[in-house]
Amino acid sequence: MSEYGSDHELQEETLSNPDVVTKYKAASKIVNGALAAVIEACKPGAKVVEICEKADSLMNEGVGKEFKGKEIEKGIAVPTCISVNNCVGHYSPLHDNTAELKEGDLVKIDLGCHIDGYIAQAAHSLVVASDPAAPVTGRAADAIACAQTCFDAAARLIRPGKKSGEVAPVLGKIAEAYGCNLVDGVMTYEMTRFVIDAQKAVDECEFEEGEVYAIDIIVTTGEGKPKVLDEKETTVYKRAMEVQYQLKMKASRELLSEVGKKYPTMLFSLRGVEAKQARFGLVECLNHGLLAAYPVTYEKDGDVVAHIKGTVLLMPSGSDRITSAPLQPLQSDKSVEDEEIKALLATSLKNKKKKKKADKEAAPAQA
């Protein structure tokens, strides 16, 4: 029997298993590499779809090199999305899209991959600039600094023994300090094997050692109540595994078959689907609840939105953030003044090492 047969299924799927941690770390290395490539490519005049295609290709190539010869599933978990300015998220354009980045655009990058169902996700925000060393200023700087500060606080609150109810009030105070709002409906979710948004959402729970979270922060200079402007922009979907239906159209069956083979449990973009009649089959699949849509949403024109997301492992040694990228220099005239929050932000993500007990078993005293 294969190492990845039923015996493997019985193995622990938690962080107490070193093999599980290895797979998370391998996936995170690929995500971080793709994220770095996207950041480098976000320059004035760059085509959004070409950047997305490049990042998806890097993730597919990366997972293909891991655990060769092992019969395990691996691939994209979140197709690359590049959402600009007042666009909140899930903008993952198709091949014929002509949108280009412009100087001063605030770009949100969102992507992820998995190895054997162990998922690493990341989101990052930057301002497109001819000189990337120049500090970001104005409301864009406020929004990015706010998102990063919220993430840093959440990462220190999402720890074993703490309650989820402690998180939201702190994030609300941070958003207020930067003159921003948290975007409605954005949830930090626990991730488990092959489940990108497990049941334990950060609304009412206690965090436990061994859990894995995608800490997901989206803030806006607007009201935080985004709207769908054009349903035709939606390209990101996920298979609703609990729903079954006998599809009538051949195009629908072909689409669902390909999704089942390539993205059975993860998010996908129609850009990554090869079925020629995918658009025709999509409507029937949606009408019968076989696919869940992730629509492109927007704040009002003139508002800017920042997004920071990282995958965090709750290890015995403390919280281990495994996906990230360095921020541009930020020059915001706003900051957190709340002393309790400042004290929280000053703490380490790692647990303090316990001092060894006094050596009670030292060599017996000499007579």
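## Ground rules

Because the model is predicted, local features need pLDDT of at least 70 and side-chain atom pairs count only at pLDDT 80 or more, while totals for chains, interfaces and linings use all residues. Residues are numbered from 1 along each chain as its sequence is written, and side-chain values use heavy atoms, with hydrogens and water left out.

Helices (H or I, at least four residues) and strands (E, at least two) are DSSP runs, numbered from the N terminus.

## Helices α2 and α3

Let's start with α2 (residues 18-41) and α3 (residues 48-64), which pack at an angle of about 155 degrees with their axes 9 Å apart. The axes here are lines fitted to C-alpha atoms, for helices over the stretch in contact, and angles run from 0 to 180 degrees between N-to-C directions. That makes α2 roughly antiparallel to α3; the cut-offs are under 35 degrees for roughly parallel, over 145 for roughly antiparallel, 65 to 115 for roughly perpendicular, and oblique for the rest. The crossing of α2 and α3 is right-handed, a label used when the near helix is turned clockwise from the far one by less than a right angle, with anticlockwise being left-handed.

Who touches whom? On the α2 side, Ile30, Ala34, Ala37, Val38 and Ala41 make the contact, and α3 brings Ile51, Lys54, Ala55, Leu58, Met59, Gly62 and Val63. Contact means heavy atoms within 4.5 Å. By class, these residues are 10 nonpolar, one polar and one charged. Ala, Val, Leu, Ile, Met, Phe, Trp, Tyr, Cys and Pro count as nonpolar, Asp, Glu, Lys and Arg as charged, and the others, Gly among them, as polar.

In α5 (residues 167-177), the buried residues are Val167, Val170, Leu171, Ile174 and Ala175. Buried means under 20% relative accessible area, exposed over 50% and partly exposed in between, with a 1.4 Å probe and protein chains only. Looking down the axis of α5, the buried residues fall within an arc of 135 degrees, so they line one face of the helix; the arc is that of the directions from the helix axis to the C-beta atoms. Turned away from that buried side are the exposed residues Ala168 and Glu176.

The buried residues of α5 pack against α4 (138-157), β5 (181-182), β7 (212-220) and α8 (339-345). With α4, the packing angle is about 160 degrees and the axes are 9 Å apart, so α4 and α5 are roughly antiparallel. Their crossing is right-handed. Cys146, Thr149, Cys150, Ala153, Ala154 and Leu157 of α4 meet Val167, Val170, Leu171, Ile174 and Ala175 of α5. That contact has 10 nonpolar residues, one polar and no charged ones.

Most residues other than glycine have a negative phi. Phe67, however, has a positive phi of about 50 degrees; Phe67 sits in the loop between α3 and β1 (74-84) and is partly exposed at 22% relative accessible area. His90 has a positive phi of about 65 degrees, lies in the loop between β2 (87-89) and β3 (106-115), and is partly exposed at 26%. Gly179, which follows α5, has a positive phi near 65 degrees.

## Gly310

Gly310 belongs to strand β13 (residues 305-315) and is buried, at 0% relative accessibility. Leaving aside neighbours within four places in sequence, Gly310 is in contact with Gln121, Phe151, Tyr213, Ala214, Ile215, Arg321 and Thr323.
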